[in-house]
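Visitor: Before we start, could you show me the structure? I would like to know what stands behind the words used to describe a model.

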Amino acid sequence: MSVRSTTDTLLHLSTTLDNSRNQDLEDIAKRLQVEAEFRVEFGAVPSVWKHLATVLDKVVKDGLDPEQVEQLMFIFRIIRNSTAGVTKNQDQARLAGLPKLIQEVVSQAAHTHYGNAGYILMLRAGVQALSNLLTGNEESKDYIWESFLVRLPSPSCDQNLLSTLAAIDDETIVLSTVMLCYNCVFESQERSKLLFSTKAGRNLLKQLMIESHATSGKEERKSFEMIYTLVSHLIEQDFSEQLYVALTEQDSEGEEEYKIRYHGEGFHDEVKEEEAVPKIQELRIEEIEDEETPSKAATSGKQEKKIASYLSQEQVTLLKMIDSRIYTHHEKLQEHFQQQQQHHATSSIPSVFDPFAVDETDPPVSLQTVAFLTEIFSKVSALTIEVFKGLDKGGVGEHGVEDLANLSSGLMLLLGCFAHLSLHEDGQVNVRSKSGSADDADDVVEEEIEQQAEIVPVPDWFKAQHMTIVNGGLVESSIELLRQADVSLARVSKPVSSEPSGSPVMTANAESTVLSNTSTAQGQSSFFVGLKRDIVRLIGNLAYRSRHVQDRIRSCNGLIVMLSQCNIDDANPYLREYAILAMKNILTGNTENQALIEELQPIEAVDHPALQEARITSKLDVETGRPVLSQNKP
């Protein structure tokens, strides 16, 4: 089909609803999809863009007719394919007002309750058309992004359209929507700021976190990876704090609660789908295979309002993404170090020690993000201490289960972040060479000669990161939290028993270890299993070869608290081992800390439940100050 006949078809459709021309529109869309030269020829005719705008404007004014849905799908595909990678066509479409017209039509379709399966196909094509209109075009990015978040095309247009699209249970629509957002904020601080300064932007961020939480772990849902990429880029732009604040659960005072509309019950039921996956190159939708049948669209739940002082589920999801970013960086750094270490250990050629280019690596997050995480940890740990004090009162727990779950998850994620931020490989490396020559290789056994051990230098960014954490008061916050946890969280032990695993004795013991009744204060403490271990691990990491951290621990009376963790607690696996290692790091090279420990005197020996079951008692020898074990006869 030629450009002239295309113009005639569009002119006819601008005045009359005629589905007999749909086949012509489909042929045009397919030709634009595969012929790059035809895209240029097509876009060079000004009347084409004028007629496309006229058709869409008529829909906006008259309302979306169900009989016109298929036709609009083909028109969106024409716009999508004609603007793929052609900047001049993108500019012509923008000047003709197509982005806002598409936005208006998509807004109407996203809120329809019709059972016509073609609505989803039209929505897919519409979102993809908007994405292609702005890809690689800075002017179009500014224009379209502001029309979504700041200046709506009209009062009737959905002010939260991006959120509405992200809430539809259709992978193609969600993925295309997130890609559109990513293309807009990529390397643009100004456009990124609009996500936090506008209500529509904040609602979008909340909905993306809800979507990522729902699709996490589902391999078939690529939208999670795209959302993670978008959030990770915002973190790189130092918007971690703004992200966290935007994900609070309560709207500002006087603002109406945000709700997502959804398609009616039974929307496209009993319809098979023959999905075609779009080609995505550098986050760009270009030559996309057309879908022939729809997929399901489902409902999106309402967001409940909760107490603002607790972490929201969306904030916990954000912390998961930050933790994943930090952990991945740490694993890559470790892998790089091990590869270089193995290379030096097996090399037969003596060489000057290579510091493994550690200084050339980038930090996992910026110092601004580290400072923000430290501040959040102080607030979360203070709130947790208040919760623990409430648990000490006994009786019915006064905190909601979901609130405690979010609080404990957020706290453990923060501890995980700092555990890796405070850990860096600086071990010794032995550079080896082989003795002997090729002439006597059969007679002389190869001997490895260890040369002087070298220390891997710690990069400057890690030192700055460490000081930011310590100066932010993390050591003191951790010690205070550990002190209260030691009081409020009872130590759990599983005594060795000769009873079979299914016996009433073992069953009762298991029930006492894992508390399932979360309505009681005692049951609510089960949310914090592993907390003391993670705090001890973090303090041990921070104290490693750090005199100022060692002194800070002593200044806040943390030595005794840390020393008391050298015990078995089945609610905190490996607590004793981590505590012993931490005490080693705290005492190494610090005579003041060593002197304080030496002044301690044993008071009494406390029997462990495992020893009691084995009929073994412990007593303190007055002369030596050491415990003495004795077994009681049955």
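Guide: What follows is a set of questions about a predicted model, each answered by setting a value against a cut-off.

Visitor: What makes alanine 84 count as buried or exposed?

Guide: Buried means under 20% relative accessible area. Alanine 84 has a relative accessible area of 5%, and is therefore called buried. The residue sits in the loop between α5 (69-82) and α6 (87-95). Its C-alpha lies 8.7 Å from that of alanine 129, a residue 45 places away in sequence.

Visitor: How do you know what span to expect of helix α14?

Guide: The expected span is 1.5 Å times one less than the number of residues. Helix α14 covers residues 223-236, which is 14 residues, and the expected value is 20 Å. From first C-alpha to last, α14 reaches 20 Å, close to that expectation.

Visitor: Which residues of α14 are called buried?

Guide: Ser223, Met226, Ile227, Leu230, Val231, Ser232, His233, Leu234 and Ile235. In an α-helix, residues three or four places apart point the same way, because there are 3.6 residues a turn. Just after α14, aspartate 238 takes a positive phi of about 65 degrees.

Visitor: Which residues touch the most other members of the largest nonpolar core?

Guide: Leu56, Trp145 and Leu531, in a core of 140 residues. Helix α8 (residues 118-134) supplies the largest share of this core, 11 residues.

Visitor: What does leucine 531 touch?

Guide: A contact needs heavy atoms within 4.5 Å. Leaving out residues up to four places away in sequence, leucine 531 touches Phe388, Leu411, Met412, Leu415, Leu481, Ala485, Leu489 and Asn572.

Visitor: Which helix gives the most to the lining of the largest cavity?

Guide: α16, with 4 residues. Helices α16 (313-346), α18 (401-421) and α19 (460-471) each supply at least two lining residues. The lining includes His329, His330, His420, His424 and Trp461.

Visitor: Where does pLDDT stay under 50?

Guide: Over residues 252-289, where the model has 90 contacts beyond four places in sequence, and over residues 292-308, where it has 53. Where pLDDT is low, the predicted coordinates should not be read in detail. The chain as a whole averages a pLDDT of 79, with 74% of the residues scoring at least 70.

Methods. Residues numbered from 1 in each chain as written. Predicted model: local features only at pLDDT ≥ 70, side-chain atom pairs only at ≥ 80, totals over all residues. Heavy atoms only, no water. pLDDT = per-residue confidence, 0-100. Buried < 20%, exposed > 50% of the residue type's maximum accessible area, 1.4 Å probe, protein only. Core = buried A, V, L, I, M, F, W, Y, C linked by side-chain atoms within 4.5 Å. 1 Å grid on protein atoms, 1.4 Å probe; cavity = no way out; pocket = protein on both sides within 12 Å on 5 of 7 lines; lining within 4 Å.
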